[in-house]
Amino acid sequence: MYPNSNLSTSYGSSCNVNRSTEAYRERTAAQKAVSQLNIYKKVADAVPALITTGVMGGLGDRSTLYSLGGGSYGALSIGFAYILDVTSPGKQRTLMITLLEASTGIGAAISGLVSGFIIEGVGYFYSNICAGAVAAGSVLVVVLFLPPSRPPHISVSRKSNLENSLAALAFYFKASPIRYKYVIGIISFMFAAFSFIGKQSIEILYQLNAPFCWTSVKVGYFSATTSVSIILGIANIKVLQMCFVEDVIAIFSGISGVAASIVEAFAVNDLTLFVVPVIGFMSVLVFPMIRSMLSRLTPADRQGALFAGIAVVEIASNLGASLGASVIYIATVGTMRGFVFLVIAGLWFLSTCLLLVYRITSGMSKTAPLAEVTKDITGTQVVEADVKN
């Protein structure tokens, strides 16, 4: 939409905030067009992964290769199941889940910084070549260095695809004394995912818009700042675990997300935007905390099914958040460009309220409950034992 322009000659006019100018109208039209394209791209990206992970996710309990076609969601689902095979319930498992969750965010932030310089220097093509090479490298690491997490005598599941799909969702529909905890936890996770992913899907467009008009390099600096904030959040996890249990840490994480989103909605200069990841440095912790909370409720032989179900919810949330944020941004960019972040703040608030309900209904004990199961997924009774410090 700017075929005869370049950054050096159009920077001033493209950042003009006067709504009566032609430059403002052109920029708004371009922002809406990109948001519309992002909707189509997200559908093409998420729907196949949603189907693949939903059908085959339950096989994660047998260390089976299933993520081909499931993308990063399938890989994460298997990764969480792997961690649960090699750790015991408690703070160590929570920390390992946090590290795996955070590694994706750190990787994304670092790639954002590096790709910014590659784009600036040689264009978009080679940045995508690098991304493909890194993806191939991750496959080689798994094939060459990752040992099996389960004994070889455990056989591959003979359940049908339908049974595997139902196993991933049974926690939220099968009658049990602790089903309400699963339901509250997964809905809270969904709202948090809507908030976190929706923000990511529209944030770069927001930064490219006036009054910021960032270059790809400056967007990379912001990604680096986000990466540092994630590292700070992870660095504090051990200290937080000394004083609080997972659900309380998750509540603090939600409050951090609410505050960061409100500040971003009303940002008027670069400094304010760079403060956003600093304020929201704890927000990423909500996901490993909820995963750990639900894992504590689940027996060892159903952990893979649990995380497959969470992956399905995460994919669906990714799709819904990206579509919703794009639609809201298209509708409001010409009037109040930061309105979408106020909606995101509201979703963070709902997630935090649900976590507070989870905390209240779980009691005020210092240790979250552990589940002991007497029957498998086809059974009808789940026995919960509260283990106190």
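Is Asp 270 buried, partly exposed or exposed, and what is its relative accessibility? Asp 270 counts as partly exposed, at 24% relative accessibility. The views below come from a predicted model.

**View 1. Asp 270 and Lys 218 meet in a salt bridge.** The N to O distance is 2.8 Å. Asp 270 lies in helix α11 and Lys 218 in helix α8, so the pair ties together parts that are 52 residues apart in sequence. Lys 218 is partly exposed, with a relative accessible area of 28%.

**View 2. Arg 291 and Glu 314 pair through their side chains in a salt bridge.** Here the N to O distance is 3.0 Å. Arg 291 belongs to helix α12 and Glu 314 to helix α13, so the pair ties together parts 23 residues apart in sequence. Both residues are buried.

View 3. Lys 199 is buried at 16% relative accessible area, and Glu 203 is buried at 10%. Together with Glu 264, they form a network of salt bridges.

**View 4. Helix α7 has a kink of about 40°.** The kink is centred on Ile 202.

**View 5. A nonpolar patch lies on the surface.** Its members include Val 141, Phe 145 and Leu 146. The patch has about 810 Å² of accessible area. Val 141, in helix α5, is partly exposed at 47%.

Notes
Residues numbered from 1 in each chain as written. Predicted model: local features only at pLDDT ≥ 70, side-chain atom pairs only at ≥ 80, totals over all residues. Heavy atoms only, no water. Patch = residues over 30% accessible without salt bridge, like charges linked within 9 Å, V, L, I, M, F, W, Y side chains within 5 Å. Areas by Shrake-Rupley, 256 points an atom, 1.4 Å probe, with all protein chains shown as cover. Salt bridge = Lys/Arg side-chain N within 4 Å of Asp/Glu carboxyl O. Helix = DSSP H or I, 4+ residues; strand = E, 2+ residues; numbered from the N terminus. Buried < 20%, exposed > 50% of the residue type's maximum accessible area, 1.4 Å probe, protein only. Bend = angle between axes of the 7 residues up to and from the residue.
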